[in-house]
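This briefing is for a reader new to the structure.

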Amino acid sequence: MLEMVPPTAPSRRRDAVFCVIFLAVLTILAVQTRPASAQSGPVADWTDADLAAAGALRDRALKGTSAYDHVSSLVTEVGPRLAGSAGDEAAVRWAMNRLGKLGFTGVRTQDVLVPRWIRGSTEVTLLGPAAQPLVAASLGGSIGTPEEGIEAQVVEFASLDALAAAQAGDVKNKIVFINERMERTRDGSGYGKIVKNRVQGASVAANLGAVAVVIRSVGTSDERFAHTGRMQYEMNAPRIPAFSLSNPDAETLSRQLKANKQVRLRLKSTAREMPPAWSANVIGEIPGTDRANEIVLLGAHLDSWDLGQGALDDGAGVAIVVEAARLISRLDRKPSRTIRVVLFANEEFGLSGAKEYARLIGDEHNKHVLAMEADTGIGPVIRLDTQVGPESLGAIEKMRKTMEPLVIEGGINTASGGADLGPLRSLGVPVLDPVLDATLYFDFHHTMNDTLAKVDAKVLDQSVAAYAVAAYLAATKQGNFGRLAPVPFNR
């Protein structure tokens with residue numbers, strides 16, 4: 001057997017030195033092969049410099065912006081902008097010129113085929129002992145009456161659901177009157193509850209044999225202004241004329257019906273549909289730096305109804321998103337991602353521009369990191385609603401805290417983002433919805449009273465501040481906002 005000889009002192013020292021060197025090499029290799037996130041901890045959503053720039057942007061907007069000037073220019077130089085009209089065409093030229101002068105890059109149009117409808121003249125007359133003209137408007141897309149008009153007995157229903165439950169014998173050869181009042185709410189949720197009366201009322205009534213439908217305006221005003229808005233004919237229903245009454249006139253008609261069940265109306269309208277026409281989305285960008293191929297989208301719609309000036313709907317939205325992007329372009333610290341402003345064609349008559357935008361970008365929707373829209377008047381912004389990946393909600397709360405001087409609440413994570421964002425949202429693009437205060441908005445919405453006089457410049461500045469901060473932080477955030485599950489878009 002071999003004898004084990006104890007190591008000498010020098011050899012023990014060499015072994016110790018070798019162990020120390022070996023352990024050091026292992027440590028270096030472990031650090032080099034460890035993921036970056038493990039080396040430095042979680043990556044922050046924003047640097048201190050990004051947050052400071054956002055705060056400065058907010059404060060700059062609160063001192064005064066050019067948003068009011070944008071609205072004033074649009075309604076003064078263009079006026080009403082019904083889809084396919086001469087005003088709509090002028091609005092596209094205005095937007096191209098405005099974005100170019102403000103320094104946007106890549107200013108361009110996307111051609112969009114839009115419906116063309118002529119309102120013509122409208123007359124609604126209450127007949128009988130208390131005969132009087134009623135303040136009314138043809139609903140958008142309605143057919144007109146025969147030249148001699150329509151005269152018939154009126155039957156009242158409290159809601160569309162009540163009408164749908166009626167028997168044909170209760171309605172046949174009569175004028176249906178849907179008398180449901182819109183609730184005034186700060187977030188505009190009252191609109192969504194009864195807008196189906198306007199959209200679906202004519203077809204439901206026609207399938208029961210009615211000769212026309214008249215609805216209480218989908219609006220909150222107590223003034224004698226009738227609210228128009230899009231109605232839609234179902235393929236399986238006859239087409240009958242559709243009208244709205246101002247709230248005071250709806251109440252007059254309802255009182256008459258309570259006193260006398262045999263109330264009659266005479267309706268006349270020369271409304272008519274024309275062949276489709278060409279309009280356009282207008283696009284301009286504030287280019288990003290190192291992630292310029294990724295997009296934060298700010299949207300509003302350029303068209304309006306024909307009764308008013310379209311100052312609130314949606315001149316204010318156009319001004320908010322244009323001015324928010326313009327202010328960001330003036331920052332020394334530029335956004336990493338590109339901020340794209342899209343002024344959509346024909347929101348009012350069926351989202352033609354929004355659908356065409358989503359179609360034309362193809363797979364580029366994957367590069368859209370976040371989208372937001374302004375389409376509820378001047379504001380102010382009162383809440384931040386979202387539909388983003390749950391992992392991004394912490395970042396949204398940090399974003400909201402950056403807006404703290406603006407007094408904005410946290411919101412839900414089931415937001416729609418707005419009508420024009422529907423096609424993008426269906427493709428999986430996350431949305432941010434800065435909720436604009438709608439307490440008074442539906443007094444003027446879709447009426448001849450939607451004028452520049454309703455625009456408060458200081459309120460508009462608060463909304464610009466909120467949108468600018470949100471867009472800038474979205475364009476500088478280190479990660480993204482997740483993706484939504486794609487869903488069919490049927491509207």
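What follows covers the pockets, the cavity and the salt bridges in turn. The model is predicted. Its largest pocket has a volume of about 1200 Å³, and the salt bridges number 26.

**Largest pocket**
- The largest pocket, of about 1200 Å³, has a lining of 48 residues, and those nearest its centre are Tyr 191, Ser 416, Gly 418, Ala 419 and Arg 491.
- Two or more lining residues come from each of helix H8 (189-207), strand E14 (381-387), helix H13 (422-426), strand E16 (431-436) and helix H14 (441-444).
- H8 supplies the largest share of this lining, eight residues.
- By class, the lining of the largest pocket holds 17 nonpolar, 16 polar and 15 charged residues.

**Second largest pocket**
- The second largest pocket has a volume of about 310 Å³.
- It is lined by 15 residues, with Pro 115, Gly 141, Arg 230, Glu 273 and Phe 349 closest to its centre.
- Strand E1 (105-118) and strand E10 (272-286) are the elements that give two or more residues to this lining.
- E1 gives the most, with five residues.
- The lining of the second largest pocket is made up of eight nonpolar, three polar and four charged residues.

**Cavity**
- There is one cavity of 30 Å³ or more, and the space in the largest cavity is about 50 Å³.
- Its lining consists of Ser 304, Trp 305, Gly 308, Gly 310, Asp 313, His 446, Thr 447 and Asp 450.
- Of these lining residues, one is nonpolar, five are polar and two are charged.

- Side chains of opposite charge can pair when their charged atoms come close.
- Lys 477 and Asp 45 form a salt bridge at 3.4 Å, N to O.
- Lys 477 lies in the segment after helix H15 (457-476) and Asp 45 in the loop between helix H2 (36-40) and helix H3 (48-62), so this pair ties together parts 432 residues apart in sequence.
- Both Lys 477 and Asp 45 are buried.
- Asp 187 and Arg 383 form another salt bridge, at 3.8 Å, N to O.
- This pair links the loop between strand E6 (175-178) and H8, where Asp 187 lies, to strand E14, which holds Arg 383, 196 residues apart.
- Asp 187 is partly exposed, at 32% relative accessible area.
- Arg 340 and Glu 364 meet in a salt bridge at 3.0 Å, N to O.
- Arg 340 is buried at 7% relative accessibility, whereas Glu 364 is partly exposed at 26%.
- A network of salt bridges links Arg 108, Glu 285, Arg 340 and Glu 364.

Notes. Residues numbered from 1 in each chain as written. Predicted model: local features only at pLDDT ≥ 70, side-chain atom pairs only at ≥ 80, totals over all residues. Heavy atoms only, no water. 1 Å grid on protein atoms, 1.4 Å probe; cavity = no way out; pocket = protein on both sides within 12 Å on 5 of 7 lines; lining within 4 Å. Points joined across faces, edges and corners; volume = space filled by probe spheres on them. Nonpolar A, V, L, I, M, F, W, Y, C, P; charged D, E, K, R; others polar. Helix = DSSP H or I, 4+ residues; strand = E, 2+ residues; numbered from the N terminus. Salt bridge = Lys/Arg side-chain N within 4 Å of Asp/Glu carboxyl O. Buried < 20%, exposed > 50% of the residue type's maximum accessible area, 1.4 Å probe, protein only.
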